[in-house]
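I opened the model to look up its fold, its helix contacts and a few loop residues. My entries follow in the order in which I made them.

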Amino acid sequence: MDLRTEYIADQVKLKGKVYPCTVNPTMNLMGGKWKAVILYHLKDNAKRYSELRKEMHFVTEMTLSLQLKQLEKDGLVSRKVYGKKPPVKVIYNLTEFGKTLIPVLDAMMNWGNQVIAEKGEFIKKNI
């Protein structure tokens, strides 16, 4: 299938960057190892940094912090700080723009569930 049938131009431009197709800016905004995972964890409700860290214990604190900053810079995540003195309370939430990715995140989760069901296994943590 020719990618050009999916949009009406030979190239696309977003925030000053030119891409060969519309998949590129999508991957630029949510691609990488952790961005989509962070967005997925925020899709149902806002979370504190510590909650995200607990849910995503495989990611380092530095990586989580950097990815959250990038998602905020790109307008997908908002960051609200409560309090003036440490320890302050910081809440992360999807912006309205970020919420437009929920169908994509759900499709990724459904596909991942199908692949694991067919070719892998689901592992429950012993608590």
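**Overall layout**

I counted the elements and found six helices and five strands in the chain. The coordinates are a predicted model. Read along the sequence, I get the pattern β-β-α-α-β-α-α-β-β-α-α. I took the extent of the C-alpha trace along its principal axes, which comes to about 50 × 40 × 25 Å. The chain has 127 residues, and 27% of them count as buried. I looked up the accessible surface as well: about 9,500 Å², with 57% of it belonging to carbon and sulfur atoms. For contacts between residues at least 6 apart in sequence, I note that 42% join residues at least 24 apart.

**Nonpolar core**

Next I asked which residues have the most contacts inside the largest nonpolar core. They are Ile38 and Leu39, in a core of 20 residues. Helix H1 (23–30), H2, helix H4 (61–73) and strand S5 (89–94) are the elements that give two or more residues to this core. H2 gives the most, with four residues. My background note here is that nonpolar side chains tend to be buried together in soluble globular proteins.

I then listed the partners of Ile38, leaving aside neighbours within four places in sequence. Ile38 is in contact with Met56, Leu64, Gln67, Leu68 and Leu71.

**H2 against H4**

I describe two packed helices by the angle between their axes and the distance between the axes. For H2 and H4, the axes come within 10 Å and cross at roughly 75°. An angle of 65 to 115 degrees counts as roughly perpendicular, so H2 is roughly perpendicular to H4. On the H2 side I find Lys35, Ile38 and Leu39; on the H4 side, Leu64, Gln67, Leu68, Gln70 and Leu71. By class, I sort the residues of this contact into five nonpolar, two polar and one charged.

**H2 against H6**

I repeated the look-up for helix H2 (residues 35–42) and helix H6 (residues 102–119). Their axes come within 10 Å and cross at roughly 105°. H2 and H6 are therefore roughly perpendicular to each other. Ala36, Leu39 and Tyr40 of H2 meet Leu105, Met108 and Met109 of H6. I find six nonpolar residues in the contact of H2 with H6, and no polar or charged ones. Leu39 is listed in the contact with H4 and also in the contact with H6.

**Loop residues**

Is Lys43 buried or exposed? I read 18% relative accessibility, so Lys43 counts as buried, the cut-off being under 20%. Lys43 sits in the loop between H2 and strand S3 (47–48). Not counting residues up to four places away in sequence, Lys43 touches Leu94, Ile102 and Asp106.

Asp74 is in the loop between H4 and strand S4 (77–82). Its relative accessibility is 12%, so Asp74 counts as buried too. What does Asp74 touch, not counting residues up to four places away in sequence? My list for Asp74 is Lys15, Leu29, Lys35 and Phe97. I also took the C-alpha separation of Asp74 and Gly98, which is 9.3 Å for residues 24 apart along the chain.

Thr95 lies in the loop between S5 and helix H5 (96–99). I find Thr95 buried, with a relative accessible area of 19%. Leaving aside neighbours within four places in sequence, Thr95 is in contact with Gly75, Leu76, Val77 and Ser78.

**Backbone geometry**

Which peptide bond is cis, with omega near 0°? I find it from Pro86 to Pro87. Pro87 belongs to the loop between S4 and S5.

I also checked phi at Lys15, which is positive at about 50° although Lys15 is not a glycine. Lys15 is placed in the loop between strand S1 (12–14) and strand S2 (17–19). At 62% relative accessibility, Lys15 counts as exposed. Lys15 was already in my notes as one of the residues touched by Asp74.

Conventions. Residues numbered from 1 in each chain as written. Predicted model: local features only at pLDDT ≥ 70, side-chain atom pairs only at ≥ 80, totals over all residues. Heavy atoms only, no water. Axes fitted to C-alpha atoms, helices over the stretch in contact; angles between N-to-C directions. Parallel < 35°, antiparallel > 145°, perpendicular 65-115°, else oblique. Contact = heavy atoms within 4.5 Å. Nonpolar A, V, L, I, M, F, W, Y, C, P; charged D, E, K, R; others polar. Core = buried A, V, L, I, M, F, W, Y, C linked by side-chain atoms within 4.5 Å. Buried < 20%, exposed > 50% of the residue type's maximum accessible area, 1.4 Å probe, protein only. Areas by Shrake-Rupley, 256 points an atom, 1.4 Å probe, with all protein chains shown as cover.
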